[in-house]
Amino acid sequence: MYSVKFEALILVFLRRTQIYSRTVTEAKTILLVEDEIESGEMLANFLELKDYSVLWAQEGKKALQLIEDRAHEIDLAILDIMVPNHDGKEICRHIRKHPVLADIPVLFLTAKDEEVDEIEGLNLGADDYIKKPASLNLIKARIESQLRRMNPEKAHWLKYDHVYLDTETKQMFINEELIDLTHTEYLIAELFFKHPKIVYSRAEILQHITDEEKYIFDRTVDVHIKNLRIKMKDEEKLIKTYRGLGYGFNREYLKR
């Protein structure tokens with residue numbers, strides 16, 4: 001349990017009287033992994049009142065699913081170590097290997113108060129280690145401290161299924177693996193990912209990559225797309241040949 005004193009009563013009062021307001025700017029999103037319902041609900045409510053968006057998972061499997069589905073939204077993670085179905089340490093390792101989330105702040109929030117546990121958590125890549133019981137305001141201060149250290153210029157990511165494109169570094173990842181694409185292959189993938197509802201003719205794709213390759217022919221586009229599909233392995237399903245029209249994103253995966 002967190003040390004809250006009158007904080008629970010204050011939260012109820014604020015909700016009932018609606019004297020708090022949300023900022024117009026986009027809220028930072030926090031992944032909260034906490035299996036204690038009362039503690040988790042109180043912290044999630046408190047953070048939402050402070051204009052954070054909270055993704056709360058009560059066990060590890062749900063946390064990993066949120067990471068998979070909503071990685072591009074998450075700005076910081078708060079992990080309780082002792083949660084079922086993949087503990088906080090395993091989740092931290094997963095975050096540190098994730099192409100989108102590797103650099104986000106990770107805070108361990110746990111009742112384990114031995115020095116060896118704190119050292120292990122920090123060695124796993126955690127940025128801070130908060131011992132329970134902790135006041136809500138202390139947790140908020142630690143969150144704000146970590147967010148201030150973040151680079152304000154975050155990478156822009158496109159994601160479909162298990163494929164991520166970093167449009168700043170011009171890289172493709174499938175799950176946690178960096179895919180070795182040529183620059184032309186990347187440009188074609190980015191074109192399809194940015195405009196998934198458009199079917200492009202060979203001539204249109206050629207025009208898009210002409211600045212990169214001055215002397216190429218229509219059928220060279222087919223070769224680039226063939227090579228791109230080979231490198232994407234099972235995820236090549238995201239690129240579709242529209243017979244008589246050209247190529248584009250497989251729109252069957254837009255709603256997934």
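Visitor: How many residues does helix H2 have, and how far does it reach from its first C-alpha to its last?

Guide: Happy to. This is a predicted model, in which local features need pLDDT of at least 70 and side-chain atom pairs count only at pLDDT 80 or more, while totals for chains, interfaces and linings use all residues. Residues are numbered from 1 along each chain as its sequence is written, and side-chain values use heavy atoms, leaving out hydrogens and water.

Helix H2 covers residues 37-49, which is 13 residues, and spans 18 Å from first C-alpha to last. That is close to the expected 18 Å (1.5 Å times one less than the number of residues). Helices here are DSSP runs of H or I with at least four residues, numbered from the N terminus. Just past the end of H2, aspartate 51 adopts a positive phi of about 75 degrees.

Next come two helix pairs. The axes of H3 (residues 60-70) and H4 (residues 88-97) come within 10 Å and cross at roughly 10 degrees; axes are lines fitted to C-alpha atoms over the stretch in contact, with angles from 0 to 180 degrees between N-to-C directions. H3 is therefore roughly parallel to H4 (under 35 degrees). Their crossing is right-handed, meaning that the near helix is turned clockwise from the far one by less than a right angle. Gly60, Ala63, Leu64 and Ile67 of H3 make the contact (heavy atoms within 4.5 Å) with Ile91, His94 and Ile95 of H4. Five of these residues are nonpolar, two polar and none charged, where Ala, Val, Leu, Ile, Met, Phe, Trp, Tyr, Cys and Pro count as nonpolar, Asp, Glu, Lys and Arg as charged, and the others, Gly among them, as polar.

H4 also holds lysine 89, which counts as buried because its relative accessibility is 12%. Leaving aside residues up to four places away in sequence, lysine 89 touches Ile81, Phe108, Lys112, Glu120 and Leu124.

In the second pair, H7 (residues 183-194) packs against H8 (residues 202-209) at about 120 degrees, with the axes 10 Å apart. Thr184, Leu187, Ile188, Leu191 and Phe192 of H7 meet Ile205, His208 and Ile209 of H8, giving six nonpolar, two polar and no charged residues.

Notes:
Parallel < 35°, antiparallel > 145°, perpendicular 65-115°, else oblique. Buried < 20%, exposed > 50% of the residue type's maximum accessible area, 1.4 Å probe, protein only.
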